[in-house]
Amino acid sequence: GLGLAVPINATTRRIIATLIRDGRVRRAYLGLVTSPRPLPPAVLARLGRARALRVAEVVSGGPAARAGLCAGDLVLSVDRVDVDDAQGLQKMLFAEAIGVRMPITVLRGQAMVDVIAVPEELDTRSRP
């Protein structure tokens, strides 16, 4: 007998419930490649937080590109929730976010910029 332990948290419960109900997990897609970055000291002092997500790449034609996000932007919040790591952003991109207007606040240069992105459903089927 082989034993296996799987940690259960709120995200895991959400995934299991969705699998039981729908037979699959639908994910929302913005079309961003990001990495965590420290905020500049002046912004850190103003916002009271140390990190954000730096946009390394914006997928051409994706929801983030249509919203006007650019490589180099520092994503501060998505849907009015502070984000500072990719996992925090991923937790927001479940089925409920598909097709829903999502405000995104970024630091671009020295300016705070607000854009509205509408996530699409992530197509997980294999492509030839």
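## Ala86 and helix α4

At 30% relative accessibility, Ala86 counts as partly exposed, a class that lies between buried (under 20% relative accessible area) and exposed (over 50%), judged with a 1.4 Å probe and protein chains only. Ala86 belongs to helix α4, which covers residues 86-90. Helices (H or I, at least four residues) and strands (E, at least two) are DSSP runs, numbered from the N terminus.

When residues up to four places away in sequence are not counted, Ala86 touches Thr34 and Leu53; contact here means heavy atoms within 4.5 Å. Ala86 and Val115 are 29 residues apart along the chain, and their C-alpha atoms are separated by 19 Å.

## Basis of the model

The structure is a predicted model, in which local features need pLDDT of at least 70 and side-chain atom pairs count only at pLDDT 80 or more, while totals for chains, interfaces and linings use all residues. Residues are numbered from 1 along each chain as its sequence is written, and side-chain values use heavy atoms, with hydrogens and water left out.

## Overall architecture

The protein contains four helices and eight strands. Read from the N terminus, these elements follow the order α-β-β-α-β-α-β-β-α-β-β-β. Along the principal axes, the C-alpha atoms fill a box of roughly 55 × 35 × 25 Å.

Of the 128 residues of the protein, 30% count as buried. The accessible surface comes to about 8,100 Å², and 55% of this surface belongs to carbon and sulfur atoms; such areas come from the Shrake-Rupley method with a 1.4 Å probe, and for residues only the protein chains shown count as cover. Among contacts between residues at least 6 apart in sequence, 55% join residues at least 24 apart.

## The nonpolar cores

A nonpolar core is a set of buried Ala, Val, Leu, Ile, Met, Phe, Trp, Tyr and Cys residues joined through side-chain atoms within 4.5 Å. The largest such core has 20 residues, and Val75, Val78 and Ile104 have the most contacts inside it. At least two residues of this core come from each of β3 (51-58), α3 (63-67), β4 (74-78), β6 (102-108) and β7 (111-117). Strand β6 gives the most, with three residues.

Which residues are in contact with Val78, leaving aside its neighbours within four places in sequence? They are Val83, Leu89, Met92, Met102, Pro103 and Ile104.

## Thr105 in strand β6

Thr105 has its place in strand β6. Is Thr105 buried or exposed? Thr105 counts as buried because its relative accessibility is 16%. The side chain of Thr105 makes a polar contact with the side chain of Asp114 at 2.5 Å. A polar contact is a pair of N or O atoms within 3.5 Å; within protein, one must be able to donate a hydrogen and the other to accept it, and residues adjacent in sequence count only if both atoms are side-chain atoms.

Leaving aside neighbours within four places in sequence, Thr105 is in contact with Leu74, Val75, Leu76, Ser77, Met112, Val113 and Asp114.

## The loop at Pro40

Pro40 is found in the loop between β2 (32-38) and α2 (41-47). With 35% relative accessibility, Pro40 counts as partly exposed. Not counting residues up to four places away in sequence, Pro40 touches Leu74 and Leu107. Pro40 and Arg51, eleven residues apart in sequence, are 8.9 Å apart in space, C-alpha to C-alpha.

## The loop between β4 and β5

Most residues other than glycine have a negative phi. Asp79, although not a glycine, has a positive phi of about 55°. This residue is found in the loop between β4 and β5 (81-82), and at 38% relative accessibility Asp79 counts as partly exposed.

Arg80 lies in the loop between β4 and β5. Its phi is near 65°, a positive value in a residue other than glycine. Arg80 is exposed, with a relative accessible area of 68%.

## A nonpolar surface patch

Leu4, Val6, Ile8, Ile16 and Ile20 form a nonpolar patch on the surface, with about 560 Å² of accessible area together. Patches are made of residues with over 30% relative accessible area and no salt bridge, with like charges joined within 9 Å and nonpolar side chains (Val, Leu, Ile, Met, Phe, Trp, Tyr) within 5 Å. A salt bridge is a side-chain nitrogen of Lys or Arg within 4 Å of a carboxyl oxygen of Asp or Glu.

Ile20 lies in helix α1 (residues 10-22). Ile20 is exposed, with a relative accessible area of 70%.
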